[in-house]
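Here is a short report on one protein chain. Keep the sequence and the 3D view open while you read.

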Amino acid sequence: MADESSTNFSVAQKLQGQFRFYVVSLIFTLLAASVQTAKLNQSNFETIVELAAWLALLLSGLAALWYIEWEPIIRERLAHRSNYSQHLSDAKKLRLQGVTTIHVLEDGQDQPIDSRIANLQESIVRLTENIDRVQSKNYAKYGFARAAFIIGIVLLLVARASAAIAGLFGYQLL
């Protein structure tokens with residue numbers, strides 16, 4: 001059962017990563033296509049809205065890339081925290097077995113087990129605070145990228161369809 005859960009989690013992470021790359025590709029593809037097919041100077045309104053759409057799509061793509069750039073860094077820090085947690089668990093087990101000192105490979109010295117446990121707990125707390133701060137910023141980047149993408153698509157649709165819609169009602173855009 002645990003193996004199936006691990007497999008499902010691994011597949012979910014892989015699919016999420018693929019989706020992120022697909023979305024970034026889609027954003028920049030839509031931006032490139034809209035730039036290549038643009039018919040500027042038909043009306044001031046259409047031109048301004050089209051340029052705003054390009055800006056929104058560009059900002060969306062850049063924010064999404066920035067988000068993706070930080071994901072491996074966050075995962076690396078999560079792995080370090082997991083390792084520290086495992087070392088902490090091992091140190092606590094040793095303390096329960098009556099061990100009073102432990103050899104720390106990083107320092108090359110013996111250290112009292114209680115001091116080692118305190119150091120590991122402090123490292124976990126600091127790393128968790130750092131991870132939370134970085135993840136919060138990264139989620140903000142993702143939220144901005146999504147909002148800018150939706151705004152860009154809407155603006156692009158308005159720019160491309162506004163003349164036709166205005167024409168249906170007998171108006172002409174300036």
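## Confidence

Confidence in the chain is lowest in strand β1 (residues 101-104), with a mean of 88, and highest in α2, with a mean of 94. These values are pLDDT, the predictor's confidence in each residue, from 0 to 100. Over the chain the mean pLDDT is 91. Of its residues, 98% reach 70 or more.

This is a predicted model, in which local features need pLDDT of at least 70, side-chain atom pairs count only at pLDDT 80 or more, and totals for chains, interfaces and linings use all residues. Residues are numbered from 1 along each chain as its sequence is written, and side-chain values use heavy atoms, leaving out hydrogens and water.

The chain has 3 helices and 2 strands. From the N terminus on, their order is α-α-β-β-α. Both kinds of element are DSSP runs, numbered from the N terminus: helices are H or I with at least four residues, strands are E with at least two.

How far does the C-alpha trace of the chain span along its principal axes? It spans about 90 × 35 × 25 Å. The radius of gyration of the chain is 26 Å, while a compact globule of 174 residues would have one near 16 Å. That radius is taken over C-alpha atoms, and the globule rule is 2.2 Å times the number of residues to the power 0.38.

Of the 174 residues, 27% count as buried. Buried means under 20% relative accessible area, exposed means over 50%, and partly exposed lies in between (1.4 Å probe, protein chains only).

## An aromatic pair

How many aromatic pairs does a search of the whole structure find? It finds 1. Y67 and Y142 form this pair, with 5.1 Å centre to centre and 40 degrees between the planes, and it is tilted. Y67 lies in helix α2 (residues 44-96) and Y142 in helix α3 (residues 113-168), 75 residues apart, so the pair links distant parts of the chain.

Rings of Phe, Tyr and Trp (its six-membered ring) pair if their centres lie within 6.5 Å; planes under 30 degrees apart are stacked, over 60 edge-to-face, and the rest tilted. Y67 is buried, at 5% relative accessible area. Y142 is partly exposed, at 29%.

## A charge over a ring

The charged end of K141 sits over the ring of W66, 4.1 Å from its centre. This label needs NZ of Lys or CZ of Arg within 6 Å of the ring centre and within 35 degrees of the ring normal.
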